[in-house]
Amino acid sequence: MGLRVGEVKLERWSPKWRDDFELEKQRLLNIFGSLALDIRHIGSTSIDQLDAKPIIDIAVGLKNLSDFEKVRQAFDQLPQYSVKTDNEPGEILLRKGTEYNRTHFIHIQMTEKHIHPTNLVLSSEFWGNSSLQGRT
């Protein structure tokens with residue numbers, strides 16, 4: 001799992017992606033604690049049977065983006081994580097993995113805005129809808 005920064009390739013769907021998400025979710029819960037109001041597997045790897053880039057996208061919902069500063073030091077001490085410095089408005093992007101093997105993108109967002117619609121559109125259209133999955 002993972003890609004070199006700048007590399008683009010699709011891999012056959014793997015149930016391991018779901019397991020990788022669950023493992024990372026537990027790590028994130030251990031760091032964020034009760035600050036994390038919601039943690040979801042988003043993006044193409046969350047859709048069963050869909051070929052995708054082998055990078056796990058995760059959305060973490062916080063009450064306020066400023067709450068991230070309460071746990072930032074924990075991530076700064078873990079070399080496998082890096083915080084993107086030029087984030088989109090309303091999001092903090094946390095990357096896991098090196099430039100040679102990026103494995104996760106963790107999108108930290110406010111829950112009042114909900115998980116950003118562009119992150120959920122693809123997932124919500126496919127979850128539990130086998131007729132849509134068959135069109136991929």
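**Entry 1: terms and model**

I began with a definition: contact means that heavy atoms lie within 4.5 Å. I noted that this is a predicted model, in which local features need pLDDT of at least 70 and side-chain atom pairs count only at pLDDT 80 or more, whereas totals for chains, interfaces and linings use all residues. Residues are numbered from 1 along each chain as its sequence is written, and side-chain values use heavy atoms, with hydrogens and water left out.

I took helices (H or I, at least four residues) and strands (E, at least two) as DSSP runs, numbered from the N terminus. Axes are lines fitted to C-alpha atoms, for helices over the stretch in contact, and angles between N-to-C directions run from 0 to 180 degrees.

**Entry 2: helix and sheet**

I looked up where helix 1 lies, and found it across strand 1, strand 2, strand 3, strand 4 and strand 5 (101–110). Helix 1 runs at about 30° to strand 2.

I then read the strand order of the open sheet: the 5 strands follow 1-2-5-4-3, with mixed pairing. Two strands pair if DSSP finds at least two bridges between them. Strand 1 (38–42) and strand 3 (81–83) are at the edges with a single partner strand each, so one side of each has no neighbour in the sheet. On average, neighbouring strands of this sheet are turned by 25° against each other, direction ignored.

Strand 3 and strand 4 (residues 91–98) run antiparallel and are joined by 3 bridges. I located V83 opposite L94 in strand 4.

**Entry 3: aromatic rings**

I counted 4 aromatic pairs in the structure. Rings of Phe, Tyr and Trp (its six-membered ring) pair if their centres lie within 6.5 Å; planes under 30 degrees apart are stacked, over 60 edge-to-face, and the rest tilted.

F32 and F68 form a tilted pair, 6.4 Å centre to centre with 40° between the planes. F32 lies in helix 1 (residues 16–32) and F68 in the loop between strand 2 (56–62) and helix 2 (72–76), so this pair ties together parts 36 residues apart in sequence.

F32 is buried at 2%, and F68 is buried at 0%.

F32 and F75 form a tilted pair as well, at 5.5 Å and 50°. F75 lies in helix 2, so the pair with F32 of helix 1 ties together parts 43 residues apart in sequence. F75 is buried at 1%.

Finally, I noted that ring pairs link F32, F68, F75 and Y81 into a cluster.

Terms used
Buried < 20%, exposed > 50% of the residue type's maximum accessible area, 1.4 Å probe, protein only.
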